Amino acid sequence: MTETPAVRITVSTVSLTVDDVSASRRFFTAHLGYKEIAAADGFASLTRGDAAVDIVLLRRGTEVLPADRRDRHAAGIVLAFTVTGIEGEERRLRERGVTITMPLRKEPWGERLFQVTDPNGIVVRFVEWAAPDEVGEGAGA
């Protein structure tokens, strides 16, 4: 028997607390194809219209955040996107002046990845999975 989910999820959103909302908004819109759909002082809501997670940026200290989390920064978070054509994406970002904070590499289990970091320290990882026959070929781009 199949159970019906308790709630129908229509969109996934990650909310990130940052010091400079404008800097992260510019980074995600200029380099990663996001569009701003709502904004106010200390707040921006971004979307892409595809399978990528929506992003809400909140300025650290904003009262909408719970008091015990109000002054925390979005540290330790890795925002990961599974993509196709990972070499081309790394090249495109590098050509646009984005610093690649972890160059393209291949893990033994088949994950190919590279990372960039936004002006507030949010790590964005791009991942492409190797075909099963490519997994045993070892690490390295």
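## Aromatic pairs and their cluster

Rings of Phe, Tyr and Trp, the last taken by its six-membered ring, are said to pair if their centres lie within 6.5 Å. In this predicted model, ring pairs of this kind link Phe 27, Phe 28, Tyr 34, Phe 81, Phe 114 and Phe 126 into a cluster, and a search of the whole structure finds 5 aromatic pairs. Phe 27 and Phe 28 are both buried.

## The pair of Tyr 34 and Phe 81

The rings of Tyr 34 and Phe 81 have centres 6.4 Å apart and planes at 45°, so this pair counts as tilted. Because Tyr 34 lies in the loop between α1 (21-31) and β2 (35-40), while Phe 81 belongs to strand β5 (residues 78-82), the pair ties together parts that are 47 residues apart in sequence. Tyr 34 is buried, with a relative accessible area of 3%, and Phe 81 is also buried, with a relative accessible area of 11%.

Strand β2 is hardly covered, since the count of buried residues among its 6 residues is 0. The strand is joined by 5 bridges to strand β3 (residues 43-47), and the two run antiparallel, with Ala 40 standing opposite Phe 43 in β3.

The hairpin of β2 and β3 has 2 residues between the strands, and in this hairpin Gly 42 takes a positive phi near 80°.

Note on methods: Residues numbered from 1 in each chain as written. Predicted model: local features only at pLDDT ≥ 70, side-chain atom pairs only at ≥ 80, totals over all residues. Heavy atoms only, no water. Phe/Tyr/Trp six-rings, centres within 6.5 Å; stacked < 30°, edge-to-face > 60°. Buried < 20%, exposed > 50% of the residue type's maximum accessible area, 1.4 Å probe, protein only. Helix = DSSP H or I, 4+ residues; strand = E, 2+ residues; numbered from the N terminus. Pairing = 2+ DSSP bridges.
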